[in-house]
Every structure is written in C-alpha cells, then in structure tokens.
Amino acid sequence: MSQEKKDILVVKDLYKYFPIRAGVFQRVVGHVRAVDGVSFTIKEGETMGLVGESGCGKTTIGRTILRLHEPTKGEVHYNGMDIINMKKRDLRKLRPEIQLIFQDPYSSLSPRMPVGEIIGEAVREHKIVPPSEYRDYIMKVMSDCGLQPHHIDRYPHEFSGGQRQRICIARALALKPKFIVCDEPVSALDVSIQAQIINLLKGLQADYGFTYLFISHDLSVVEYISDKVGVMYLGDLVEYGPRDAIFADPAHPYTNALFSAVPVPDPDFKPNRIILQGSLPSPANPPKGCKFHTRCPQAMPICKEEVPVTREVGPGHFVNCHLYDEEKAEELKQFRFEVNNALDERTRQKNKAALR
C-alpha cells in the first residue's frame with residue numbers, strides 16, 4: 001500500500017496588492033489587486049499547473065510564495081514552516097530548497113559570467129559541496145541538464161534559447177532544491193525545443209523528486225506536465241483540481257472558454273469556440289461581485305452583486321461560481337425563461353407589424 005504524500009506547500013488566502021501613487025507627494029490613490037485571496041496545496045513530488053490570461057496574477061503568485069514580493073496578507077507554509085513570517089536570516093537558509101526558473105533565459109543570466117560561474121555562484125555561497133568537489137559537482141549538474149563539459153567556460157550569448165534555458169534549470173538544480181517555481185519556462189522557445197525542456201523537467205522530477213509550480217498560458221503543455229491545475233482570472237483562482245477532472249469536465253465558464261480555444265490537430269473536427277465579449281477589466285478597478293460576470297455568457301443578476309464562494313463539485317475539484325449553488329441555479333433558469341419569453345414576445349410584435 002503506497003504511503004500518502006504530504007503537503008509540501010500550503011497557500012491560504014494569499015493577497016498581493018501593489019500601490020498606485022500619484023501627485024507631487026506620491027500619495028497612494030489606489031491598489032492593483034494582483035492576487036486577491038488565493039488558496040491551494042501542492043503535495044510532495046507533484047506538479048501544479050497555473051494557467052490564465054496575461055496579467056491575471058500567475059507570476060505574482062510564484063514570486064510572492066518565494067518572498068520576492070512581500071505579500072499584503074495571507075499564509076504560505078512550506079514543509080510546515082511559515083514563510084511569510086520567517087526572519088530574513090532563516091529565509092536565507094531556506095533559499096536553496098525553494099528555487100525559481102525565470103521566463104526569459106537571456107535576461108536572467110549575467111552576460112559577464114561564464115556558465116560555470118553562473119551555475120556555481122550560489123553553490124559556493126551556500127556551501128553546497130566542499131571546495132575540492134566544486135568543479136566535478138558543477139560538471140555533473142551540467143550533464144544532468146543536457147549541457148556539454150566544454151560549455152563550462154562559455155558565456156550566455158554563445159548559446160541558443162533552449163541551451164540558455166538549460167543553464168537556468170542547471171542553476172536551480174545545483175542548489176539541491178525540493179520545490180521549484182517554473183515561471184513560463186518554455187514560452188520563449190520553439191515548439192521542438194519546448195518538448196525537450198518539458199521532458200527534461202519531467203525526467204529531473206522522476207530522478208530527484210522535485211515539486212513544481214508550473215506557470216504557463218499553454219494549456220497543452222500544462223495538460224502534459226501537471227498533476228493538478230489551477231485556473232486564474234483577474235487575481236482569483238476560479239477553478240482548481242486534478243488535471244484529468246478539469247480537462248475532462250471543466251466547471252467554470254471561463255475555463256470552458258479557455259479550453260475551447262485550444263487547437264485540435266484534426267481537420268475534420270469543428271470546435272465549439274466560445275468567444276468572450278469585452279476586454280479584461282483592470283485589476284486596479286475590478287467589477288463588483290463575480291469578476292467574470294462582465295464577460296460571462298451565463299451571468300445572472302446575482303453575479304453582479306455577490307462574490308461566489310468556493311464549492312467542491314468533485315473529489316478535490318473546486319470552483320468559484322454561482323452556477324453550482326442550487327438556489328442560484330434555479331434563479332438562472334427563471335432568468336433565462338423570462339429572457340426567452342421577452343424575446344418571443346418581441347418577435348411576435350415584429351411579425352404583427354409586418355403583416356399590417
């Protein structure tokens with residue numbers, strides 16, 4: 001009987017607001033609500049995919065978890081340790097265990113340092129291995145990430161995009177982490193190179209037992225690599241659960257719209273594309289009630305007034321939507337019935353006028 005995996009990361013009611021300043025004295029006149037009360041858990045050795053439109057708060061969540069952004073409020077527990085209230089000295093000791101792979105592999109690498117120094121700088125700083133074993137250790141890490149021994153003395157500008165991303169992965173791997181935030185690590189790469197990097201990440205996870213928070217807007221990549229999936233919209237986690245459950249039966253109208261846009265490699269398949277009306281509202285001034293109601297094809301009057309609560313629609317499958325409240329669902333049926341009657345009456349009046 002397999003042992004139940006423990007929760008390595010628990011995020012509860014996490015908020016991150018950025019102040020908007022204006023005027024001569026730079027007074028705070030508002031806030032950008034980048035992350036607005038997000039909660040989820042990741043078990044040891046799992047991969048959680050985080051998807052959503054650009055500007056929905058995915059990257060901010062990853063950086064806030066690692067304390068690269070100080071949270072406005074909320075809780076983040078890593079292996080039972082409270083990261084949010086941790087002192088800087090203790091956080092520095094924890095840094096090797098929690099790493100980040102950046103989106104742009106070129107701008108995140110120092111152009112003045114050779115690859116060996118880029119990978120080994122933090123290794124030396126945190127005393128991961130004794131000085132006598134330093135070079136051999138760096139060569140081993142490079143080999144694990146698909147880099148050749150002669151690359152150790154080369155500079156980032158001498159590499160392709162895929163090789164630079166391998167360097168970024170090697171830099172994170174060198175510190176022997178347990179939890180890695182992958183911030184859109186393949187979005188800047190060609191499709192063939194994307195496949196290589198994704199397979200590299202999966203292989204390293206199988207060998208070393210890494211836990212990933214995989215941030216991406218590419219649903220096909222997320223479906224391939226993830227065990228759990230969270231869907232972000234305007235700072236909110238609107239749906240969250242096991243990958244198979246979400247991809248087989250998406251519950252939230254926004255998730256359905258996202259999935260309808262995924263291309264299918266079948267010339268005879270005709271997708272039922274859901275076109276969202278309007279543009280993404282500003283996170284500095286989000287709509288009242290459900291933030292998605294301004295674009296939702298199934299919006300009810302209650303959606304404009306009340307924020308939906310989180311409901312479990314399946315084992316471990318959670319959604320924030322009034323459609324899954326029985327009372328609200330009845331209200332939706334009545335609302336649609338009234339709308340359809342009004343449309344039918346309008347059609348009858350037009351027909352009468354045409355006959356006169």
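Strand E1, residues 7-22, is joined to strand E4, residues 73-78, by five bridges. The two strands run antiparallel. Within this pair, Tyr15 stands opposite Lys73 of E4. The model is a predicted one. E1 and E4 belong to an open sheet of four strands, ordered E2-E1-E4-E5. Pairing in this sheet is antiparallel. Its edges are formed by strand E2 (27-43) and strand E5 (81-82). Each of these edge strands pairs on one side only. Helix H1, residues 58-65, lies across E1, E2 and E4. The direction of H1 makes about 110° with that of E1.

A second open sheet holds eight strands. Their order is E6-E7-E8-E3-E9-E10-E12-E11, and the pairing is mixed. Strand E6 (98-101) and E11 each have a single partner strand, so one side of each lacks a neighbour in the sheet. From one strand to the next, the twist averages 20°. Strands of a sheet pair through backbone hydrogen bonds, and the pairing may be parallel or antiparallel. Strand E3 (residues 47-51) and strand E8 (residues 211-215) run parallel. Four bridges join them. Gly49 has Phe214, in E8, as its bridge partner.

A disulfide requires two cysteine sulfur atoms within 2.5 Å. For Cys145, the closest cysteine sulfur is in Cys168, at 10 Å, which is too far for a bond. Cys145 is buried, because its relative accessibility is 0%. For Cys290, the closest cysteine sulfur lies in Cys303. The separation is 5.7 Å, so this pair is also too far apart for a bond. Cys290 counts as buried too, with a relative accessible area of 13%.

Ile302 sits in the loop between helix H9 (253-260) and strand E11 (310-314). Despite this loop position, Ile302 is buried, since its relative accessible area of 13% falls under the 20% limit. Ile302 and His150 are 152 residues apart in sequence. In space, their C-alpha atoms are 64 Å apart.

Over the whole protein, there are 10 helices and 12 strands. The C-alpha atoms fill a box of roughly 95 × 55 × 55 Å along the principal axes. Of the 356 residues, 44% are buried. Contacts between residues at least 6 apart in sequence were also classed by separation. Among them, 63% join residues at least 24 apart. The accessible surface comes to about 19,300 Å². Carbon and sulfur atoms account for 51% of that surface.

How values were computed. Residues numbered from 1 in each chain as written. Predicted model: local features only at pLDDT ≥ 70, side-chain atom pairs only at ≥ 80, totals over all residues. Heavy atoms only, no water. Pairing = 2+ DSSP bridges. Contact = heavy atoms within 4.5 Å. Axes fitted to C-alpha atoms, helices over the stretch in contact; angles between N-to-C directions. Buried < 20%, exposed > 50% of the residue type's maximum accessible area, 1.4 Å probe, protein only. Areas by Shrake-Rupley, 256 points an atom, 1.4 Å probe, with all protein chains shown as cover.
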